[in-house]
Amino acid sequence: MGVMKKIVALVALALLTIPAAGFAQEALPPLTISAAPRAQPIAVSALKNLGGDDDHTVSETFGKVLKRDLTLSSFFRILDPASYIEDPQNSGYDIGQFNFGDWSSLGADYLVKGSVTRDGDTIKLEALLFDVPQQRRVMGKKFTGNPHDVGEMARRFADSILQAATGTRGPFDTKLAFVSTRGGRFKEVYTSWLDGGGLFRVTDNPTINLFPDFDRDASHLLYLSYKTFNAELYLVNLERQLETRINPGLGQAVGGALTPDRQIVAAYERGGRTNLYLLTPEGSMVRELTDSGPINVSPSVCPAGGQFVFTSDRSGTPQIYAASLDGGGGKRVTFKGSYNTAPAFSPDCKQIAYESREPGGFQIYVINLDGSGARQLTQSGSNEAPAWSPDGRYIAFSSNRGGGSRIYLMRARDGYVIAPLTEGHGNESNPAWSWWMGG
Amino acid sequence: MNRIQRGRGGWVAEMGGFTRAAGIALVVIGLAIGGCSSKQKNAGEGTGNNPNQLGEGGLGGTGGNSLKGYQNGTMGQNGPLGDIHFGYNDATIRPEDNDVLKANADYLTSHAGARVQIEGHCDDRGSEEYNIALGARRAQAAKDYLATLGISGDRMSTISYGKELPLCTEETDDCWAQNRRDHFALSQ
């Protein structure tokens, strides 16, 4: 690569910002989240201060994040803390040290109690889940960390509560990447925790930035940018704060996705034809994945590896196809509708969520990999860019149902829309959902 | 491979020096949902497609790159080269645009130093990613056409902006038709 080209790239890469320093009081965006029908009542008591949390900062942060996540799960509704009878600072927090009657009288099915010790920057936090009607301790977790980690302790405990109550680990120790115009009129890439905490602006260039995608441990983020006035893919190492410009010499980048081991499935256009290629994390070609039809775009890789799905118009209209990362062909999955695109592989790689063009906009469907069992999940507004939770129970998507475009959360099984995940500052689109951050 | 490191003040290039982007807070663009697709039978082939209407609108302007035009508020202002337009989810040059392409070719022939970047654009009814690929087909179609008129390929480049840089945001046939376009940006 020429020196000038390199300098141009480096200057463009410099237009990225640092995150605002976060501390114990983790900010969550104010979102209106209604309890789902038939959600189970749960009480989340303040943590008993065993020393060092006299201002209750840790307890309040833990409680705030835990309540947000449990409500977003749609399995639980939080009982109003104003109704709680027991003073957690003057009672015990483990079985036999408090009165279940104080909680059963509120109608609680479940109860969260716990304790915190803070010594400088070291937080020791124990959280316990109780089954109130059965007067039984269901499970408990002990966490140690610094004040930055309290939100993540709550997210992991929320995941454990869903594991205990539903048999499947919850999806809250995860991150969302998305595109937003909240900083002005240009599309920029952001990341946050699923619940909105820890907002981090990844790009800051007044051009166009699109299609973020995480690798397996969410240490890296792939996105498309016009920041050099060419369309190119970039792979950001979020932990080491390094960025690689992907430059395989295949033409104009159209989009891409990461495999679990951080290879890149990338769409490049040359001569009017857009094809998919498998690239190394550095951008070297491994193999061509498609070579038919004018357009092959929107790859989504099976989280277990091996397969990917994509959109091709080789039949004359945009339809969903599945193929192997080893190369070779592609099997058509969708046949109904004249415009199906933006496929997303479910975590078990047995289903595909996608958007289908209908009068008035796009609606999100889920279909089995073999093409059977298509079901429509959304009805109102125009709904795009589905992204699965790692536990397979939820889908994040963008929708204009509330006016401007925002990211929403729905249940994959029935399309119940739980809540917006973003505040709607500017227009928000292109959600990507990470794997669990804690492994 | 290009790598950068991020210091306290922002992402820092290896070669030293860093830039923090100036805050740019302006009008929020309406985000378009939808695409360049093909069920709207009356879209694209009807009215509102006069390829010269933008240039004749008294806007003047430079006819430069649309992304730069979006940055500085001059997008949509045409210079000596006219835009052409397309049907829904289609990248075929329409007969009524032949004269525009011939005029563009004549200009390039008589300005031997001029280079052109052909930009493909889409209406907002397709998905974002598919539309970038569709816009690329539109740009390539014009490049191929100009090549048949004798313009050397090394004076032409293509780029697609998909549906990212609409000239208008109304959900009407006329607006969609305006946005399904190739723009010819002169450089040098």
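Predicted model: local features only at pLDDT ≥ 70, side-chain atom pairs only at ≥ 80, totals over all residues.
1. Strand 26 (residues 383-388) of chain A pairs with strand 27 of chain A in the antiparallel sense, over 4 bridges. Within the pair, A387(A) has A396(A), in strand 27 of chain A, as its bridge partner. The two strands form a hairpin with 5 residues between them, and G392(A) in the turn has a positive phi of about 80 degrees.

2. Strand 27 of chain A also runs antiparallel to strand 28 (residues 406-411) of chain A, to which 6 bridges join it. Here A396(A) has L409(A), in strand 28 of chain A, as its bridge partner. This second hairpin has 6 residues between its strands, and G403(A) takes a positive phi near 115 degrees.

3. In strand 27 (residues 394-399) of chain A, 6 of the 6 residues are buried, so the strand is largely enclosed by the rest of the structure. Y394(A), A396(A) and S398(A) point one way, while I395(A), F397(A) and S399(A) point the other way; all are buried.

4. Leaving aside neighbours within four places in sequence, I352(A) is in contact with V309(A), I320(A), V333(A), P343(A), A344(A), F345(A), S346(A), I367(A) and L369(A).

5. Chain A is divided into domain 1 (40-166) and domain 2 (175-433), and their C-alpha centres lie 36 Å apart. Between them, 7 residues of domain 1 are in contact with 8 residues of domain 2. On the side of domain 1 that touches domain 2, helix 2 (57-73) and helix 4 (150-166) of chain A each supply at least two residues. Helix 2 of chain A gives the most to that side, with 4 residues. By class, that side of domain 1 has 2 nonpolar, 2 polar and 3 charged residues.

6. Chain B has 4 helices and 6 strands, running β-β-α-β-α-β-α-β-α-β from the N terminus on. Of the 188 residues in chain B, 49% are buried. Among contacts in chain B between residues at least 6 apart in sequence, 70% join residues at least 24 apart.

7. Chain A averages a pLDDT of 93, and 94% of its residues score at least 70. Over residues 1-24 of chain A, however, the pLDDT is below 50; this stretch has 55 contacts in the model beyond near neighbours in sequence. Chain B averages a pLDDT of 75, with 66% of its residues scoring at least 70. Residues 1-61 of chain B have a pLDDT below 50, and beyond near neighbours in sequence this stretch has 164 contacts in the model. The model scores ipTM 0.91 and pTM 0.87.

Terms used: Residues numbered from 1 in each chain as written. Chains lettered and ligands numbered in written order. pLDDT = per-residue confidence, 0-100. Contact = placed C-beta atoms within 7 Å. Domains from an automatic or database assignment. Nonpolar A, V, L, I, M, F, W, Y, C, P; charged D, E, K, R; others polar. Buried ≥ 20, exposed ≤ 12 C-beta atoms within 10 Å, placed from the backbone. Pairing = 2+ DSSP bridges.
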